[in-house]
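Colleague: I would like to learn how to read backbone angles and pockets in a model. Where do we start?

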Amino acid sequence: MKNFYTSVVELRQRFDAAVETHPYECGWADEAIFFVETHDFSPGSRLTLRVQLSPDGIRWLDEGSELDITCTGFIRVKHFGGFLRMAGRAVDTEGRPVPVTVSVRLALKG
Amino acid sequence: MTSTGFFDPLPRVLVTDDFDRGMSGWLDLRPNFVAPGFREHSDDIDLIHWGPTMLSSATFAFGGTHGSAQGTYSLKISSRAAAAAPDQPPAPGSMGLAIKRLAVPPRTRRVRIEALVAYKAEQDRPGLGVNDVRAFGLYVDLQDELHRYMPGVRYVNAVAGKPVRRWQFYSPTDVTDEQWSYGADGWHKAGIDPQWFGARQGDGSTVATTWFADGTQHLIYNESDDKLNWTPLSLTVNLETRAYEEFRVGNRRLSFPVGAHPTLAPAYNDIEGLLNPVFFVEADTDRRVSLFVDSVVISVETGEQS
């Protein structure tokens with residue numbers, strides 16, 4: 001039977017500027033889904049998050065996948081090595097950076 | 001069970017958690033989300049932003065994968081990059097805590113929690129991060145028909161960047177419930193959750209800690225933030241007397257004063273008989289720190305009441 005674990009990596013966490021989720025070690029897993037939920041997000045604002053990989057949890061590189069949401073969403077990831085996080089920012093209707101409060105649940109299986 | 005020579009369990013082994021087999025029931029310690037809108041039950045201090053727990057291969061930029069004491073994975077309990085002054089309540093995210101939830105079997109007289117641990121600051125900058133780790137520890141949440149109590153030990157590694165390297169244990173406090181939870185209307189009873197409640201002092205003590213008389217110990221942090229030495233811990237508690245019995249760490253056996261026990265709080269609703277061990281780590285600066293835990297063994301001795 002495979003292992004499964006969901007970590008609530010960020011719970012109602014406010015980011016004033018850049019969003020960077022906690023570095024998460026998951027080398028045991030074959031597949032991952034980031035579930036992202038915004039809280040009290042102003043209408044018209046958008047949150048854009050890039051999936052990032054890392055060899056060590058310190059040095060991050062874009063994986064290539066991107067999540068662009070106004071409320072909630074998810075993104076699937078495979079073949080990611082040992083560490084995962086999401087990085088990005090929220091902007092208002094004029095494209096200006098705005099704070100955002102998010103919950104991020106990382107579902108891992110492998 | 002792996003690495004058996006490190007462990008000296010009581011006769012009845014309840015669980016042996018080797019993290020090469022998964023999280024084994026360990027998860028983040030979070031509050032009760034029972035308020036309207038799934039909010040936490042109390043907001044006296046921020047309890048929802050501690051760092052997440054994960055399975056770690058202990059992989060680093062220069063050393064590669066360290067692995068665990070036996071195998072690849074250990075449980076990594078991580079803080080976020082945050083810390084409050086040592087005489088202040090813990091800052092949001094300044095701790096990481098992992099819990100496992102069990103129940104005491106019939107006629108249990110003693111319980112023993114054993115593990116192999118290592119503690120590290122994140123290797124995100126040159127130099128040695130040992131003094132960025134304020135503390136780590138282990139306690140167990142217990143309740144019988146009369147009392148809820150949390151015996152535990154805490155290694156105060158550094159305070160305000162200065163080395164302390166000394167063990168303490170949770171001990172009785174006589175503060176009010178309100179004082180215990182930093183002046184908030186006390187949902188928590190005094191003595192419960194001593195890992196974050198109870199006024200802190202600048203030397204690393206709290207209103208509910210006592211230093212071991214022989215508790216100064218230079219544990220192996222090693223000489224780099226990416227080198228782990230798996231160190232055995234063993235805490236034994238007598239459930240008949242609600243008293244500490246023994247604490248072993250590394251090559252030491254630390255002595256509790258005769259009859260030493262934690263605060264005996266009144267029983268809570270719906271948790272009689274719980275057996276919830278918790279491991280935790282605390283940051284001293286705005287730098288992530290981690291406690292790596294491998295192969296937890298929980299054992300008991302049972303028998304007729306003595």
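Modeller: With accessibility: a residue is buried under 20% relative accessible area, exposed over 50% and partly exposed in between (1.4 Å probe, protein chains only). The model is predicted, so local features need pLDDT of at least 70 and side-chain atom pairs pLDDT 80 or more, while totals for chains, interfaces and linings use all residues; side-chain values use heavy atoms, without hydrogens and water. Residues are numbered from 1 along each chain as written, with chains lettered from A and ligands numbered from 1 in written order.

Colleague: Is Phe38(B) buried or exposed?

Modeller: Phe38(B) is exposed, at 62%. Most residues other than glycine have a negative phi. Phe38(B), not a glycine, has a positive phi of about 60°.

Colleague: What is the phi of His79(A)?

Modeller: Near 55°, again positive in a residue other than glycine. His79(A) is exposed, with 77% relative accessibility.

Colleague: What is the volume of the largest pocket?

Modeller: A pocket is an open set of points on a 1 Å grid over the protein atoms alone, where a 1.4 Å probe fits, with protein on both sides within 12 Å along at least five of seven lines; lining residues have an atom within 4 Å of a point. The volume of the largest pocket is about 480 Å³. Of its 24 lining residues, Leu29(B), Arg30(B), Asn32(B), Asp141(B) and Arg148(B) are closest to the centre.

Colleague: And which residues are closest to the centre of the second largest pocket?

Modeller: That pocket holds about 360 Å³. Val104(B), Thr108(B), Asp144(B), Glu145(B) and Leu239(B) are closest to its centre, out of 17 lining residues.

Technical notes
Grid points are joined across faces, edges and corners, and a volume is the space filled by probe spheres set on the points.
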